[in-house]
Amino acid sequence: MAKPTVAPVMRQKPFVPWLYLLPAIIIMTVFILYPMINTVGLSFKNADGSASAEVTCREGQPCWGSFENYRYALSNELNTSSPKALWDSFWISSYGNMIKWLLGMVSGTVIIGLIFAVWVDGIKSEALAKSIIFMPMAISFVGAGVIWKFVYNYGTSQVQTGILNAIISAFGGEPVAFLSKVPLNTFMLIIVGIWMWTGFCMTLLSAAIKSIPEEVIEASRIDGATDFEVFSKIQVPIIMPTIIVVITTMVINVLKLFDIVYVMTGGNFGTNVLATRMYTEMYTNSQYGRGTAIAVILILFIVPFIVMNIRRFMKEEAMR
Amino acid sequence: MISLTRTKSNGKYDFTRLLTGIGIVLILVVWLIPTIGLLVTSFRPVALINTTGWWTALNVNNGPESAQHPDPNASYVEKLGTRFTINNYVDALTGYRGTKSYLEDCKSGTKPLGLSCSIKDLLNPRGMGRAFLNSVAVTVPSTILPILIALFAAYALSWMKFRGRYAVFAILVGLQVVPIQMTLVPVLRMFAGMGLNGTFPAVWLFHTGFGLPYAIYLLRNTMSALPKDLFESAYLDGADHWTIFKTIILPLTTPAIASLAIYQFLWVWNDLLVSLVFLGGSKPVMTYQISNMVTSLGAGWHLLTAAAFLSMLLPMIVFFALQRYFVRGMMAGAVKG
């Protein structure tokens with residue numbers, strides 16, 4: 001159990017450690033643990049938590065009893081009139097968008113981060129190049145939202161003041177309303193996410209690449225490996241554990257994502273994600289039951305990563 | 001690819017190197033241009049923002065009649081001077097919503113709606129000046145409180161032996177990834193019962209709760225990595241836990257505390273969701289004001305770009321001045337793996 005990191009001579013009365021821990025435990029219980037349990041409870045209740053969710057069922061409509069909020073959270077955005085309508089509506093629902101975000105943003109940040117880390121490794125202005133990529137990390141999603149809204153700006157027929165549409169116009173193309181055109185808009189939002197988080201992935205991956213012993217690389221070169229072989233057969237396999245950590249961190253970040261969508265489209269035009277939908281249910285509609293049901297669905301996606309985190313931690317502790 | 005600079009250059013490598021160089025520059029340009037666009041735009045007059053692209057800012061002759069220099073024979077530098085302005089920043093700071101600009105209105109003697117043309121205008125609830133102060137009022141306690149509490153907890157978890165130590169820490173690791181959304185509704189209801197909604201302590205407490213798991217985790221890892229001889233000799237000299245904590249632990253963990261403080265500071269400063277839910281419009285912070293300008297008020301680009309840049313100013317300074325600490329604070333959680 002307890003590891004020998006504690007000096008054997010350090011002893012204290014049994015209550016002393018809890019005295020040091022008390023403020024932290026109280027605050028975390030009140031603001032994280034208790035609300036989590038409460039959220040699960042509320043998700044089975046009606047809008048204001050005064051009765052079971054069952055009362056919101058309507059005659060002649062499908063009803064899941066106490067799980068009515070979950071039925072709503074899972075199916076409300078879907079159009080079940082035909083298989084094609086179902087398919088189309090799924091891909092602009094918060095779940096379909098979540099899949100787009102996960103695939104697009106996680107692969108985008110990790111791949112660009114990895115390539116950039118390898119490219120700048122050892123060049124003269126490495127530090128400067130890296131801090132340029134990392135800089136968006138320091139600003140808010142809101143700030144980034146404004147920056148990119150301006151990039152995507154859709155002007156008048158005479159003039160394009162958004163740089164992207166100006167470039168398109170200069171090449172004779174038709175300007176595009178990037179943020180309201182489905183399904184393009186979600187991908188335009190994902191680009192903003194990639195812009196913000198690539199620096200994070202790049203820094204972690206770069207540190208891992210630098211920790212590979214020089215001899216390993218040199219030995220493979222003497223054996224005649226090309227640049228690409230060194231990259232794909234030596235560097236990537238060696239830093240795989242770090243790549244996995246980066247991917248899981250990014251997956252969690254994407255699942256929680258709120259600000260970019262809220263600021264840039266407000267979840268309109270089929271760009272909703274779970275977090276913005278939850279906010280709408282809570283605030284715009286005052287539907288606490290439905291809002292919390294969405295929150296519970298969100299945490300169900302995250303639970304595997306909580307378990308993974310704890311496992312990893314236990315492995316580390318065992319190695320101490 | 002990695003060893004380009006370490007290999008003797010020959011024809012083939014020079015070519016790869018050139019391609020890599022182009023790739024790097026391309027990525028850097030894509031990363032920089034959006035921010036440069038914002039910065040340049042925030043200093044341009046409204047008339048020009050809406051009629052010409054920011055990349056033509058150095059062309060002094062384009063744009064509508066009204067934006068031209070009164071004297072067509074003026075020198076390039078003179079013309080350039082009228083092509084940039086600080087009006088956007090003044091208007092954003094004071095929350096000016098008129099049709100001209102705050103400075104023009106005040107100069108001509110007509111007081112803008114709800115403003116008095118004095119230094120007090122910086123405190124206008126609609127302006128970014130007031131929002132800046134609110135952001136500071138939210139951020140400073142929300143940074144200090146969790147670190148203070150985490151220091152004690154981390155000390156107990158790293159240098160005291162007791163039953164349940166391991167379990168407490170495992171729970172902490174799990175809590176780190178709990179999404180804020182999972183707790184918003186109950187906490188909101190709780191705060192409503194206590195009359196705390198729309199007050200600063202509500203946000204302080206919430207940020208403290210959510211900052212704690214990571215803060216404790218990071219500090220505990222730092223503290224438990226300290227050599228134990230240090231403690232043993234102090235302990236043998238008769239020092240108790242409190243003395244050791246004060247005289248040995250605190251000085252030695254200062255770099256980690258700095259990293260953590262910067263990380264938490266930027267996290268809270270940049271947060272929108274928590275301020276939106278618990279403070280809303282009653283004490284608007286900078287992120288709230290901007291998101292409001294984007295979503296509902298439809299404020300022009302001149303105000304939006306200036307406001308956005310104002311909100312980025314402090315994070316940028318912190319980032320460039322203390323980059324090393326910031327990166328460390330950001331990475332400590334993930335890099336352990």
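The radius of gyration here is taken over C-alpha atoms, and the rule for a globule is 2.2 Å times the number of residues to the power 0.38. I wrote that down before anything else, and also that this is a predicted model.

**Entry 1: chain B as a whole**

I looked up how chain B compares with that rule. A compact globule of 337 residues would come out near 20 Å, but chain B has 26 Å. Then I checked the span of its C-alpha trace, which is about 85 × 70 × 35 Å along the principal axes.

What is the secondary structure of chain B made of? I found 16 helices and zero strands. Of its 337 residues, 54% count as buried. I also looked at contacts with a separation of 6 or more: 66% of them in chain B are between residues 24 or more positions apart.

**Entry 2: helix 4 of chain B**

Is helix 4 of chain B mostly covered or mostly open? I found it mostly covered, since seven of its eight residues (the helix runs 87-94) are buried, which means under 20% relative accessible area. I noted the buried ones: N87(B), N88(B), Y89(B), V90(B), D91(B), A92(B) and T94(B).

**Entry 3: a nonpolar patch on chain B**

Next I went looking for nonpolar surface. I found a patch of about 560 Å², made by L123(B), F132(B), L133(B), V136(B), V140(B), I144(B) and L148(B). I picked L133(B) to follow up. This residue lies in helix 6 of chain B, residues 128-159. L133(B) is partly exposed at 46% relative accessible area, and the patch rule asks for over 30%, so L133(B) clears that cut-off.

A reminder to myself: side chains of opposite charge can pair when their charged atoms come close. The count over all chains is eight salt bridges.

My first stop was E77(A) with R277(A), a salt bridge at 3.1 Å, N to O. This pair links distant parts of the chain, 200 residues apart: E77(A) is in the loop between helix 2 (68-75) and helix 3 (83-90), while R277(A) is in helix 13 (residues 274-284). How covered are the two partners? E77(A) is partly exposed at 21%, whereas R277(A) is buried at 4%.

Next came K84(A) and D88(A), whose side chains meet in a salt bridge at 2.6 Å, N to O. Both lie in helix 3 of chain A, four residues apart, about one turn of the helix. I jotted down the helix rule here: an α-helix has 3.6 residues a turn, so residues three or four places apart point the same way. K84(A) is exposed at 57%, and D88(A) is partly exposed at 38%.

Then I checked K210(A) and D121(A), which form a salt bridge with their closest N and O atoms 2.3 Å apart. They also link distant parts of the chain, 89 residues apart: K210(A) is in helix 8 (residues 184-210), and D121(A) is in the loop between helix 4 (94-120) and helix 5 (126-134) of chain A. K210(A) counts as partly exposed at 43%, while D121(A) is buried at 5%.

Methods. Residues are numbered from 1 along each chain as its sequence is written. Chains are lettered from A and ligands numbered from 1 in the order in which they are written. This is a predicted model: local features need pLDDT of at least 70, side-chain atom pairs count only at pLDDT 80 or more; totals for chains, interfaces and linings use all residues. Side-chain values use heavy atoms; hydrogens and water are left out. Patches are made of residues with over 30% relative accessible area and no salt bridge: like charges are joined within 9 Å, nonpolar side chains (Val, Leu, Ile, Met, Phe, Trp, Tyr) within 5 Å. Accessible areas come from the Shrake-Rupley method with a 1.4 Å probe; for residues, only the protein chains shown count as cover. A salt bridge is a side-chain nitrogen of Lys or Arg within 4 Å of a carboxyl oxygen of Asp or Glu. Helices (H or I, at least four residues) and strands (E, at least two) are DSSP runs, numbered from the N terminus. Buried means under 20% relative accessible area, exposed over 50%, partly exposed in between (1.4 Å probe, protein chains only). Contact means heavy atoms within 4.5 Å.
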